[in-house]
Amino acid sequence: VFGKVDILKIPVSYYVGVFNGNGKNQPMDNDNGKLFPARIELAVRPKTKIGLNGGLGKDGTNTVWAANFDIDHSEKLGEKWELEIQSEYKTGTNNSQFDTACIVGKKMSNYQLEGFYVLPNLKYSINSQQIKSLEFSCRYESLNCDMKRNGNTKQTWMPVFSLQLADEYFLKFETGLIIDKYSVTTSKEHSGTRFVCQMQARF
């Protein structure tokens, strides 16, 4: 169920749904637990949106939940330059980690994740026949998948250079780095850097 209303002259979009949770052939979804997600999105400016998200449901006999807050903004910096910023904070039950934990007497309330990211993207429009725009972005993310027990925060930097080769991102080439840093260096997960290069196509 979704729709739009105006509150104090601010356009507000709302979304409410339900998932039946009846995937009995799936290891992580083997019961009839229902999930109820909802979102409210405020267009505080023509190019600025604020979103509030929440979810509540059941995993077996346990209650699971999630909450999220996000901001999207874009700004013209000149005739050909544009800055886009996406950001998000999230927290909630890590029920997949709970389901795989081999601990006697485990409690769902002890399994919680928390994270946020910021993604600025600087775009320079060319609009030639071969190249539509050049873009440079650098995503920063912090994620702790086990914040209440043995937390090991992962910080990720992703500087990426892109070429938009067709309108509306139907064809895009990207290259950059994925730099991961963990707060607990003695864990099974290790810090490292990877080089990425990919071509995206939409049909």
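Rings of Phe, Tyr and Trp, the last through its six-membered ring, are taken as a pair if their centres lie within 6.5 Å. The structure is a predicted model, and by this rule it holds 5 aromatic pairs.

**Exercise 1.** Classify the pair formed by the rings of Phe98 and Tyr111, and state where in the chain each residue lies.

*Solution.* The centres of the Phe98 and Tyr111 rings are 5.5 Å apart and their planes stand at 80°. Planes over 60 degrees apart count as edge-to-face, so the pair of Phe98 and Tyr111 is edge-to-face. Phe98 belongs to helix H1 (residues 95-100), whereas Tyr111 lies in the loop between H1 and strand S7 (112-125), and the pair thus links distant parts of the chain, 13 residues apart. Both Phe98 and Tyr111 are buried.

**Exercise 2.** Classify the pair of Phe116 and Tyr140, and determine whether each residue is buried, partly exposed or exposed.

*Solution.* With 5.9 Å from centre to centre and 55° between the planes, the pair of Phe116 and Tyr140 is tilted. It links distant parts of the chain, since Phe116 is in strand S7 and Tyr140 in strand S8 (residues 133-144), 24 residues apart. Phe116 has a relative accessible area of 37% and is therefore partly exposed; Tyr140, with a relative accessible area of 21%, is partly exposed. Ring pairs also bring in Trp157, which forms a cluster with Phe116 and Tyr140.

Note on methods
Residues numbered from 1 in each chain as written. Predicted model: local features only at pLDDT ≥ 70, side-chain atom pairs only at ≥ 80, totals over all residues. Heavy atoms only, no water. Phe/Tyr/Trp six-rings, centres within 6.5 Å; stacked < 30°, edge-to-face > 60°. Helix = DSSP H or I, 4+ residues; strand = E, 2+ residues; numbered from the N terminus. Buried < 20%, exposed > 50% of the residue type's maximum accessible area, 1.4 Å probe, protein only.
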